[in-house]
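Please keep the sequence and the model in view while reading.

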There are 2 protein chains.
Amino acid sequence: MRRVCVVAPATIANLGPGFDAIGLALESPADRATAERRPEPGIEFRLDDPTGAVPRDQARNVAAHVAAALLADARPEFGVRLTLHKRMPVGSGLGSSAASAVAALVAVNALLSKPRARADLLRFAVEGERLASGAPHADNVAACLLGGVQIVLSGDPPVVVPVPFVDRIRWVVVHPATVIETRTARRRLPGRLDLADAVSQWAHVGALVAGLATGNAATVGNALVDRVAEPARAPLIPGFLAVRQAALLAGAFGMSISGSGPSVFAVTDSDAVARRVARAMVRAFRTAGGIGARAWVSRINRRGARIQRLPPLQLR
Amino acid sequence: MRRVCVVAPATIANLGPGFDAIGLALESPADRATAERRPEPGIEFRLDDPTGAVPRDQARNVAAHVAAALLADARPEFGVRLTLHKRMPVGSGLGSSAASAVAALVAVNALLSKPRARADLLRFAVEGERLASGAPHADNVAACLLGGVQIVLSGDPPVVVPVPFVDRIRWVVVHPATVIETRTARRRLPGRLDLADAVSQWAHVGALVAGLATGNAATVGNALVDRVAEPARAPLIPGFLAVRQAALLAGAFGMSISGSGPSVFAVTDSDAVARRVARAMVRAFRTAGGIGARAWVSRINRRGARIQRLPPLQLR
């Protein structure tokens with residue numbers, strides 16, 4: 001291919017009790033990248049970012065950084081003109097930097113004469129996370145790149161295991177209009193855990209995976225018990241407890257923080273209940289948190305980042 | 001029913017990284033209990049124990065203790081003559097006390113005019129574990145009572161979640177001729193964990209459940225990474241590292257400690273390889289550990305304790 005457009009979706013990392021371990025790909029929101037070959041070697045980077053929130057500088061922009069690394073490794077006889085269409089909210093806990101990195105990597109990869117397997121792009125994407133947050137965590141990028149739900153057994157080098165799932169659960173993701181820097185959120189974590197808390201955490205991870213494998217929204221919801229990251233991070237999210245209460249009253253089976261927040265997610269098993277839960281959560285953010293919020297309802301995105309067969313967006 | 005015989009199987013608790021959280025029911029070995037109504041109220045307890053390893057005293061014997069508690073709670077118009085046929089090795093890490101308790105409970109329950117659901121027997125079985133080891137852990141009894149693979153979300157009151165599994169994995173269980181008291185093994189555990197070790201533990205629990213759900217022996221084997229209990233307990237098992245090495249060389253995908261040891265288990269995906277792995281492990285216990293050992297090859301026991309349709313064993 002000479003010109004491609006790639007859509008890379010939002011992801012829920014730190015899924016429930018699965019801190020630093022489990023990522024899940026959503027359907028929306030998403031970032032996009034377009035890439036086309038050019039005769040001159042190296043990356044020519046363009047940024048289409050209405051929000052002005054991400055760095056334009058090629059050395060500091062995650063998408064440009066990982067694309068350049070892949071290109072340097074693959075050494076094709078051409079260069080790439082790469083445009084990142086930044087559409088996801090930044091610092092939202094929805095894997096915005098992962099989506100940008102994966103969109104760029106998959107787009108550049110598709111231009112290569114021998115494109116690499118998705119799994120082989122993972123290490124480049126992890127380097128993007130290192131640039132974005134200082135921590136080379138792989139749960140967002142693994143889910144974004146490979147789709148579905150991915151467990152990260154080891155981050156560096158990345159080793160991942162896909163979680164089998166029955167696609168019966170609806171994921172309500174709500175992003176309140178506040179920013180939590182991943183770096184800041186990580187500094188709040190405890191360095192050591194009581195054995196009893198750790199046992200609870202991994203028992204709930206087991207139940208979460210069991211619930212995903214059977215498509216049981218109640219089991220998944222009940223498994224969203226996080227004694228590690230949530231106690232440290234929930235205070236950073238205005239109205240958190242009221243929003244959870246509202247979600248459960250509206251019919252959700254459980255609620256937890258997406259990534260390092262401030263976005264939160266709830267699970268249920270029907271579209272109608274999911275829409276009701278979304279409205280209740282947005283309302284609770286406004287009344288209890290004094291803050292606007294935006295909601296999406298998704299299934300699990302089985303494919304992850306996808307190369308669009310449609311004509312690519314017009315480059316600017 | 002007026003007279004029943006119940007076979008309650010061995011179980012692997014602390015399954016791999018699932019310390020205090022995941023139990024798995026095996027096909028063998030097993031304990032048996034026979035129970036029959038008698039006119040006088042209360043339990044008349046008999047013990048058929050060729051090894052002489054378990055207490056005869058009704059107040060200290062786990063099977064008699066839980067049977068009496070169930071009977072006191074159910075208050076039928078009859079009493080029960082209960083015989084425990086102790087067939088499992090004691091202090092083996094194979095859930096011997098759980099098997100005795102569950103055999104007794106299921107047998108007495110079957111005599112009731114309105115037998116209770118298996119799940120309702122769980123709290124009685126947990127009390128048996130408290131008597132046996134001082135810790136009311138539920139992973140052995142949940143798997144023994146309910147069958148399959150069970151995750152314990154909370155021990156008291158017991159809350160369990162079944163793990164879906166594809167029955168493609170062979171479990172090689174090897175019991176070396178040494179005893180580790182559960183109480184002693186628990187004292188060796190760390191009270192606190194580094195966050196990084198805890199994350200590794202729950203990532204591997206997630207992978208373990210994913211591997212069970214898909215019947216992938218390699219995924220399950222690779223998930224048998226335990227940074228919590230194994231480092232503390234492996235030194236109590238003579239030849240542990242050599243036995244693991246032998247298991248892997250013979251074709252196992254992974255090996256870990258069963259319960260609090262000294263038994264160990266390995267996973268593979270065929271009967272032929274399982275038998276080879278079993279022989280290699282027994283040999284390594286002898287040569288490297290200087291100790292005799294006995295091996296069993298099982299599938300997952302889907303039903304757990306079962307009421308025998310055959311005529312019960314003759315009471316002695």
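In E12(A), which residue is the bridge partner of Val7(A)? The model in which to look for that residue is a predicted one, and the partner of Val7(A) in E12(A) is Arg306(A). This pair belongs to the antiparallel pairing of E1(A) with strand E12 (residues 306-307) of chain A, which extends over two bridges. Strand E1 (residues 3-12) of chain A also runs antiparallel to strand E2 (residues 22-38) of chain A, to which nine bridges join E1(A). Within that pairing, Val4(A) has Ala35(A) of E2(A) as its bridge partner. E1(A) is mostly covered, with nine of its ten residues buried.

Where they meet, 25 residues of domain 1 of chain A are in contact with 33 residues of domain 2 of chain A. E2(A) supplies the largest share of the domain 1 side of this contact, namely four residues. Sorted by class, that side of domain 1 of chain A has 13 nonpolar, eleven polar and one charged residues.

In chain A, four strands form an open sheet in the order E9-E10-E7-E11, with antiparallel pairing. Strand E9 (254-257) and strand E11 (293-298) of chain A each have a single partner strand and stand at the edges, so one side of each is left without a neighbour in the sheet. Direction ignored, neighbouring strands of this sheet are turned by 20 degrees against each other on average. Strand E7 (residues 170-176) of chain A is paired with E11(A) through six bridges in the antiparallel sense, and there Val173(A) stands opposite Trp296(A) of E11(A). Helix H10 (residues 271-287) of chain A packs on the sheet, where H10 touches E7, strand E10 (264-268) and E11 of chain A, and the direction of the helix makes about 20 degrees with that of E7(A).

Turning to chain B, the reader finds four strands in an open sheet in the order E9-E10-E7-E11, and the pairing is antiparallel. The edges are held by strand E9 (254-257) and strand E11 (293-298) of chain B, and each has a single partner strand, so one side of each is left without a neighbour in the sheet. On average, and with direction ignored, neighbouring strands of this sheet are turned by 20 degrees against each other. Strand E7 (residues 170-176) and strand E10 (residues 264-268) of chain B run antiparallel and are joined by five bridges, and in this pairing Val173(B) has Phe265(B) of E10(B) as its bridge partner. Across E7, E10 and E11 of chain B lies helix H10 (residues 271-287) of chain B, which runs at about 15 degrees to E7(B).

The numbering of H10 in chain B also takes in position 281, and Met281 is a residue to look at in both chains: of the 233 residues in the largest nonpolar core, Met281(A) and Met281(B) touch the most other members. Not counting residues up to four places away in sequence, Met281(B) touches Val172(B), Val174(B), Val243(B), Ala246(B), Ala247(B), Ala266(B) and Ala295(B).

How many residues does each chain bring to the contact between chain A and chain B? The contact takes 33 residues from chain B and 33 residues from chain A. On the side of chain B that touches chain A, strand E5 (149-155), strand E6 (158-163), strand E8 (192-194) and helix H6 (195-214) of chain B each supply at least two residues, and the largest share, 14 residues, comes from H6(B). By class, this side of chain B has 23 nonpolar, seven polar and three charged residues. Strand E8 (residues 192-194) of chain A is joined to E8(B) by three bridges, and these two strands run antiparallel, with Arg192(A) opposite Asp194(B) in E8(B).

A last stop is Ala72(B), which lies in helix H1 (residues 62-74) of chain B. Is Ala72(B) buried or exposed? Ala72(B) counts as exposed because it has 11 C-beta neighbours inside 10 Å, and a residue is exposed if that number is 12 or fewer. The C-alpha atom of Ala72(B) is separated by 7.7 Å from that of Gly42(B), although the two residues are 30 residues apart along the chain.

Notes
Residues are numbered from 1 along each chain as its sequence is written. Chains are lettered from A and ligands numbered from 1 in the order in which they are written. This is a predicted model: local features need pLDDT of at least 70, side-chain atom pairs count only at pLDDT 80 or more; totals for chains, interfaces and linings use all residues. Two strands pair if DSSP finds at least two bridges between them. Axes are lines fitted to C-alpha atoms, for helices over the stretch in contact, and angles run from 0 to 180 degrees between N-to-C directions. Two residues are in contact if their C-beta atoms, placed from the backbone, lie within 7 Å. Ala, Val, Leu, Ile, Met, Phe, Trp, Tyr, Cys and Pro count as nonpolar, Asp, Glu, Lys and Arg as charged, and the others, Gly among them, as polar. A nonpolar core is a set of buried Ala, Val, Leu, Ile, Met, Phe, Trp, Tyr and Cys residues joined through C-beta atoms within 7 Å. A residue is buried if 20 or more other C-beta atoms lie within 10 Å of its own, exposed if 12 or fewer, and partly exposed in between; C-beta atoms are placed from the backbone.
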